[in-house]
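Please look at the sequence and the structure shown here, and keep both in view while reading the report that follows.

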Amino acid sequence: MAITEVRSGELAIHGGEPVRGADDPIPLVFPRAIAPAAKENVARLLDSGFTLDMIGEYERAFARAMGTKHAVALSNCTDALHAVLAAVGVGPGDEVIASPITDYGSVKGIFVQGAKAVFPDVDVRTGLITAKEIAKVITPRTKAIIAVHMYGHVCDMDPIVELARKHDVLLIEDVCQAPFATYGTRTAGTIGDVGCYSFEAEKHISTDHGGMAITDDGDLARAIRYIAHDRGARPAERGTRVHETIGHAFRYGHLEAAVGLAQLPAVPEQNRKRVELAKRLSAKLEEIDGITPPFVPSNTSHVHWLYHFRIATEAFRVDTGEFIDALNAEGLRCGPAMYYLIPYSHTFMEDREAILESLPNAREHLSNTVRWPWTDKYSDADIEDMAAIVAKVAGAYRN
């Protein structure tokens with residue numbers, strides 16, 4: 001359906017006909033496409049009586065795919081990030097700088113380790129942290145920086161790397177939403193000291209759950225295994241062990257690894273489709289006054305775990321929430337983004353109000369952002385209809 005055909009139609013939320021009804025929904029991420037080799041790998045594992053090292057095989061395959069020396073499979077990305085912090089001794093009195101726009105998983109390890117989470121502001125166009133804003137909050141107590149590649153978009157990493165090196169600070173990349181995204185000629189997760197990934201059921205690489213940490217630093221990889229696999233224990237005499245520190249059972253499973261081995265090779269092509277489809281939608285949304293599609297600098301790729309656009313709220317007579325309600329009624333299942341502002345949604349944090357005041361760009365970026373999980377399953381007609389839905393709602397609510 002062409003955009004011009006629906007701009008003047010009555011909104012479904014007010015009783016009109018939706019662009020896409022329940023009988024013809026826009027595809028969702030689920031059901032996931034599972035590579036046939038997954039069943040073969042699982043069968044091999046089960047036939048072996050769990051004697052095959054699927055985890056080690058998957059770690060090696062993942063390291064090769066990302067172009068790094070070491071990969072450590074873990075229970076999820078939340079635990080991968082936590083394990084990295086624990087492995088380098090982050091604790092009380094330390095500060096860890098993290099993006100204020102992310103999910104609980106990015107910051108859980110900071111809180112559990114007893115460190116202080118510090119949040120710089122973001123680039124209002126992308127929602128990503130920048131070296132300029134990090135420099136304003138870095139102190140002698142800063143032990144690590146967590147750069148979150150939110151939505152599927154890579155942070156501007158060169159200046160962040162330079163700043164981290166200047167202050168001798170560990171640089172962690174949260175690549176949960178951006179596997180195989182690129183920054184120049186480099187792959188997200190290989191630019192800092194360590195990159196952490198998610199294999200949760202909805203992510204690009206789906207094994208139902210799980211995560212990975214990658215690094216070129218052999219000592220760091222061993223320290224992560226010691227904390228997260230060995231639970232802080234060393235072998236002792238006669239097959240026993242000695243626990244030298246508080247460790248964690250953040251282990252991955254062989255069954256999940258068997259699925260990951262099958263899913264991994266398909267991701268670059270799926271990402272190519274994601275990127276192409278998102279470019280088509282963005283080109284159409286650019287034609288709609290008051291709507292701004294994702295800003296993607298020319299030297300980065302955006303692999304779109306989430307697609308998002310921003311609303312110029314002054315252009316419309318409804319707020320972002322009402323705009324979203326109308327989009328959903330037309331068949332575009334989407335939601336608000338303010339949850340991702342950590343000091344807004346994490347009510348246990350101290351000094352939340354003061355932290356929120358220090359983040360005007362982050363508040364502005366999220367308060368007028370609409371987002372939904374993206375998939376490579378969309379057809380040309382789906383892209384046309386998503387654009388038509390946005391145009392219809394924008395036209396109906398325009399000032």
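Leaving aside its neighbours within four places in sequence, Gln113 is in contact (heavy atoms within 4.5 Å) with His82, Leu85, Ala86, Val90, Gly91, Pro92 and His248. Residues are numbered from 1 along each chain as its sequence is written, and side-chain values use heavy atoms, with hydrogens and water left out. The model is a predicted one, in which local features need pLDDT of at least 70 and side-chain atom pairs count only at pLDDT 80 or more, while totals for chains, interfaces and linings use all residues.

Gln113 is placed in the loop between α5 (104-112) and β3 (116-118), where helices (H or I, at least four residues) and strands (E, at least two) are DSSP runs numbered from the N terminus. With a relative accessible area of 17%, Gln113 is buried; buried means under 20% relative accessible area, exposed means over 50%, and partly exposed is in between, for a 1.4 Å probe and protein chains only. A polar atom of the Gln113 side chain lies 2.9 Å from the backbone oxygen of Val90.

**Aromatic rings and charges**

Rings of Phe, Tyr and Trp (its six-membered ring) pair if their centres lie within 6.5 Å, and planes under 30 degrees apart count as stacked, over 60 as edge-to-face and the rest as tilted. By this rule the count comes to 14 aromatic pairs. One of these is the tilted pair of Phe199 and Tyr252, with 6.0 Å from centre to centre and 50° between the planes. Phe199 lies in the loop between β8 (194-198) and β9 (211-215), and Tyr252 in the loop between β11 (241-243) and α9 (254-263), so the pair ties together parts that are 53 residues apart in sequence. The pair of Phe316 and Phe323 is edge-to-face, because the ring centres are 5.2 Å apart and the planes stand at 65°.

| Residue | Relative accessible area | State |
|---|---|---|
| Phe199 | 0% | buried |
| Tyr252 | 7% | buried |
| Phe316 | 4% | buried |
| Phe323 | 1% | buried |

Ring pairs also link Tyr58, Phe62, Tyr197, Phe199 and Tyr252 into a cluster.

Where does the charged end of Lys203 sit? The charged end of Lys203 is over the ring of Trp305, 4.2 Å from its centre, and Arg234 lies over the face of Tyr226, at 3.8 Å from the ring centre. A charge sits over a ring if NZ of Lys or CZ of Arg is within 6 Å of the ring centre and within 35 degrees of the ring normal.

In helix α2 (residues 37-47), the buried residues are Ala38, Asn41 and Leu45. They cover an arc of only 65° around the axis, which puts them on the same side of α2; the arc is that of the directions from the helix axis to the C-beta atoms. Lys39, Glu40 and Asp47 are exposed on the other side of α2, whereas the buried residues of α2 pack against α3 (54-66) and α9. Just after α2, Gly49 takes a positive phi of about 70°.

**Strands and their pairing**

Strands of a sheet pair through backbone hydrogen bonds, either parallel or antiparallel. Two strands are taken to pair if DSSP finds at least two bridges between them.

Strand β4 (residues 142-148) is largely enclosed by the rest of the structure, because six of its seven residues are buried. Strand β2 (residues 95-98) and β4 run parallel and are joined by four bridges, and the bridge partner of Glu95 in β4 is Thr142. β4 also pairs in the parallel sense with strand β5 (residues 170-174), over five bridges, and there Ile145 has Leu171 in β5 as its bridge partner.

Val194 lies in strand β8 and is buried, with a relative accessible area of 0%. Leaving aside its neighbours within four places in sequence, Val194 is in contact with residues including Leu171, Ile172 and Glu173. Although Val194 and Asp174 are 20 residues apart in sequence, they are 8.8 Å apart in space, C-alpha to C-alpha.

An open sheet of four strands has the order β12-β13-β15-β14, with antiparallel pairing. Its edge strands are β12 (291-292) and β14 (335-336), each of which pairs on one side only. Within this sheet, strand β13 (residues 306-311) and strand β15 (residues 369-373) pair in the antiparallel sense over five bridges, and Arg310 stands opposite Thr369 in β15.

Technical notes:
A polar contact is a pair of N or O atoms within 3.5 Å; within protein, one must be able to donate a hydrogen and the other to accept it, and residues adjacent in sequence count only if both atoms are side-chain atoms.
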